[in-house]
Amino acid sequence: MIDAKTVWADLEKIRQSSPLIHNITNYVVMNSTANALLAIGASPVMAHAEEETAEMTALASVLVVNIGTLSTPWVAGMERAVRAARDAKKPYVLDPVGAGATAFRTDTVHRLLGLGSPTVLRGNASEIMSVHTSEGSTRGVDSTEQSDSALEAGRALARQYGCPVSISGATDYVVSGGETIAISNGHPLMGRVTGLGCTASALTGAFLAVDPSPMDAAATAMAVMGICGEIAAEKSEGPGSLQMHLLDAFHNLDEKQVANRLKVGHETR
Amino acid sequence: MIDAKTVWADLEKIRQSSPLIHNITNYVVMNSTANALLAIGASPVMAHAEEETAEMTALASVLVVNIGTLSTPWVAGMERAVRAARDAKKPYVLDPVGAGATAFRTDTVHRLLGLGSPTVLRGNASEIMSVHTSEGSTRGVDSTEQSDSALEAGRALARQYGCPVSISGATDYVVSGGETIAISNGHPLMGRVTGLGCTASALTGAFLAVDPSPMDAAATAMAVMGICGEIAAEKSEGPGSLQMHLLDAFHNLDEKQVANRLKVGHETR
Amino acid sequence: MIDAKTVWADLEKIRQSSPLIHNITNYVVMNSTANALLAIGASPVMAHAEEETAEMTALASVLVVNIGTLSTPWVAGMERAVRAARDAKKPYVLDPVGAGATAFRTDTVHRLLGLGSPTVLRGNASEIMSVHTSEGSTRGVDSTEQSDSALEAGRALARQYGCPVSISGATDYVVSGGETIAISNGHPLMGRVTGLGCTASALTGAFLAVDPSPMDAAATAMAVMGICGEIAAEKSEGPGSLQMHLLDAFHNLDEKQVANRLKVGHETR
């Protein structure tokens with residue numbers, strides 16, 4: 001259960017404690033991910049080599065793994081990091097970028113899931129559906145499906161792995177076996193900026209560092225993404241300026257903006 | 001033969017069909033390339049590992065290969081993708097970034113060209129001259145030559161490989177054996193932003209997805225680059241703001257801007 | 001000894017000669033580093049593979065090595081480049097990003113230092129202290145220490161390797177065995193943008209191309225970073241806009257801005 005008060009409290013905790021987030025992510029978004037984490041108040045570090053990922057995860061508060069530009073040496077680095085997070089009981093976010101597009105990506109996701117459940121699994125509808133069925137329905141890395149069409153797949157995965165599943169789309173959903181949080185913030189122009197799903201995964205990591213509930217941390221991250229995306233879009237003339245204003249919005253987000261804009265719904269079944 | 005009407009028609013087709021463009025490109029420009037493709041209305045995907053490039057090319061409408069930050073495993077991934085594009089008769093753009101600067105780059109270009117002709121070969125004057133002579137005349141990745149000095153090299157390569165060659169510079173030229181299209185759009189400040197040549201290659205890929213003429217697709221991409229660069233430069237105080245406004249200009253480019261600004265010339269010999 | 005006149009003279013030399021700077025740097029900052037070098041008037045090239053780094057260093061005026069996202073094949077490429085720079089007596093900057101965070105990073109720094117002294121060693125306080133003690137005190141890549149706490153470590157390293165050590169922080173210090181230059185320019189918001197330390201290393205490379213004194217080149221780079229950071233921060237609403245305005249400020253920096261803003265102190269002991 002999140003509301004404007006809890007979102008704001010979590011945000012203040014990040015700004016005060018500046019948690020170190022270890023990202024093993026894709027080449028496309030490394031810069032924008034690091035900048036988003038800095039803008040929200042966290043401290044990013046990127047390290048991917050098998051030689052050092054376990055050590056870096058040990059230093060960090062949270063591990064975020066994103067398979068957007070995969071290769072075999074990187075999978076080895078990811079596996080070591082995931083094992084280190086599991087053994088140290090540190091939160092770990094998995095973003096299965098492009099799962100379903102190629103066998104290599106789908107196989108890697110299942111290999112990582114086989115090492116232990118992530119704390120949060122976060123992707124778009126196509127990716128979540130692909131992870132569930134292990135069948136290729138993704139076209140590249142953009143979702144070809146509405147987020148609500150992945151709700152059943154997300155709930156099944158949540159039950160199977162015992163972790164909330166965060167599904168981004170026009171409405172963002174965070175689902176566990178029996179609970180659903182729906183966040184209706186955001187702006188269509190966000191889909192014209194690369195890697196905002198990856199940014200959402202990194203912010204999920206930042207909120208996991210300060211919020212003991214994975215479900216709430218995942219939902220809070222999507223709410224902050226959506227609210228800041230709205231603020232940025234209102235100032236922007238296109239996707240170039242949106243990217244810039246989004247970082248400014250993360251940095252400047254205040255209690256009133258959260259209270260005025262948050263659109264969140266809960267459902268328990 | 002391109003004119004304002006054909007440029008606009010192609011642009012509308014990209015925005016309507018959002019073609020998937022598979023990019024194997026360099027680390028420096030991955031983010032800006034993906035953002036440019038999204039801003040123009042296409043859908044980018046990046047994948048480089050030998051394990052998945054053939055599969056990803058099979059999903060995509062067009063393949064774009066850019067050798068800007070090369071290593072041996074990436075060459076293997078590029079080769080698989082080029083073979084997959086060739087076998088499926090999909091358009092394929094080759095950008096020989098830094099050809100002539102090192103033997104590794106020049107050799108890789110010739111190895112890729114040996115697998116089959118690209119649909120469009122696109123580079124700056126130094127690179128095109130280096131690919132033609134196989135002699136090192138490039139200093140790094142910026143051209144040390146004017147684009148018109150590469151016209152003969154471009155025509156020779158066009159005849160040899162049976163594909164148009166697109167040469168960027170103050171004036172951009174697209175040449176085949178007997179035809180030349182010259183585009184005089186653009187702004188000098190564009191040379192102070194990294195990777196705009198790489199963006200031009202990616203947009204060439206996007207236009208190849210909707211235009212059956214490689215010559216016209218290549219010229220249209222350079223025209224859209226130049227026109228949007230002019231619009232962006234007029235709003236910018238330097239290269240930082242140019243980069244932002246360029247993405248906004250791609251997103252907002254309208255029929256009137258194309259008609260008012262397009263500066264294109266044709267020559268047949 | 002630097003002053004407004006020498007800073008301006010060096011800047012003009014960069015803009016006139018556009019020196020080629022070979023960067024082997026991390027994935028996070030490649031784009032922003034290349035853009036910073038272009039904006040200041042230099043010409044960047046990125047190449048990391050063992051197959052070509054020696055050749056690329058031979059073409060360039062200066063080599064900049066940054067270990068921010070390390071892997072074993074990259075270390076091999078770095079070693080070849082450093083040997084090529086040493087043998088050709090070309091200036092070489094080493095930025096030990098995250099030294100102390102993992103054994104792999106600390107070991108790599110010492111392996112590179114073992115090949116020959118860099119012309120300038122540049123890092124934040126935690127990194128410089130870690131290189132000195134070879135003990136891990138870094139938390140990720142952001143400094144946990146004030147820059148003045150690393151002064152003794154910097155002086156010891158400067159004596160050991162016979163090169164100035166440049167330490168970034170609220171006050172930037174460049175130290176040799178007996179001389180200290182302190183630069184008090186800059187703005188706190190710069191710490192919320194990723195990779196500005198890496199940009200400082202790249203600019204150090206650009207100034208080494210035109211200034212025969214490594215000490216002065218290193219201090220001039222920090223002064224230009226700080227001055228442009230102030231100019232950018234005054235126009236910015238957050239870290240997103242700072243990043244954009246910083247590139248514009250590099251491009252537009254004029255003699256008067258340097259004279260009005262430079263805050264530099266010298267101390268000889």
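Select strand E7 (residues 172–175) of chain C, which is covered on both faces: Asp172(C) and Val174(C) on one side, and Tyr173(C) and Val175(C) on the other, are all buried. A residue counts as buried if 20 or more other C-beta atoms, placed from the backbone, lie within 10 Å of its own. In a regular strand the side chains alternate between the two faces of the sheet. Strands (E, at least two residues) and helices (H or I, at least four) are DSSP runs, numbered from the N terminus.

The model is predicted: local features need pLDDT of at least 70, side-chain atom pairs count only at pLDDT 80 or more, and totals for chains, interfaces and linings use all residues. Residues are numbered from 1 along each chain as its sequence is written, while chains are lettered from A and ligands numbered from 1 in the order in which they are written.

**The neighbours of E7(C)**

Two strands pair if DSSP finds at least two bridges between them. Ile167(C) stands opposite Tyr173(C), and a hairpin of three residues connects E6(C) to E7(C). Next select strand E8 (residues 179–183) of chain C, also antiparallel to E7(C), with four bridges. Here Val174(C) faces Ile181(C), and a hairpin again leads from E7(C) to E8(C) through three residues.

**The sheet in chain A**

Move to chain A and display its open sheet of nine strands, in the order E2-E1-E3-E4-E5-E6-E7-E8-E9 with mixed pairing. Its edges are strand E2 (43–46) and strand E9 (264–268) of chain A, each pairing on one side only. Strands E5 (residues 120–124) and E6 (residues 165–168) of chain A pair in the parallel sense over four bridges; Asn124(A) has Ser168(A) as its bridge partner.

Now show the helices on this sheet. Helix H4 (residues 72–87) of chain A lies across strands E1 (20–24), E3 (62–66) and E4 (92–95) of chain A, at about 150 degrees to E3(A). Helix H9 (residues 214–235) of chain A touches E5, E6, E7 (172–175), E8 (179–183) and E9 of chain A, and its direction makes about 15 degrees with that of E8(A). Angles run from 0 to 180 degrees between N-to-C directions, with axes fitted as lines to C-alpha atoms, for helices over the stretch in contact.

**A helix pair in chain C**

Return to chain C and select helix H2 (residues 30–40) and helix H10 (residues 239–252), which pack at an angle of about 30 degrees with their axes 7 Å apart. H2(C) and H10(C) are therefore roughly parallel, a term for angles under 35 degrees. Asn35(C), Ala36(C), Ala39(C) and Ile40(C) in H2(C) meet Leu247(C), Phe250(C) and His251(C) in H10(C). Contact requires C-beta atoms, placed from the backbone, to lie within 7 Å.

**Between chains B and C**

Finally, show the contact of chains B and C, which takes 27 residues from chain B and 28 residues from chain C. Helices H2 (30–40), H5 (103–114) and H10 (239–252) of chain B each supply at least two residues of the side that touches chain C; H10(B) gives the most, with four.

Chain B can be laid on chain C with an RMSD of 0.0 Å by a turn of 120 degrees and a shift of 0.0 Å along the axis. That is the relation of a three-fold axis. The C-alpha of Tyr27(B) is the nearest to the axis in chain B, 3.7 Å from it. Copies are superposed by least squares on the C-alpha atoms of residues with pLDDT of at least 70 in both.

Notes
Buried ≥ 20, exposed ≤ 12 C-beta atoms within 10 Å, placed from the backbone. Parallel < 35°, antiparallel > 145°, perpendicular 65-115°, else oblique. Contact = placed C-beta atoms within 7 Å.
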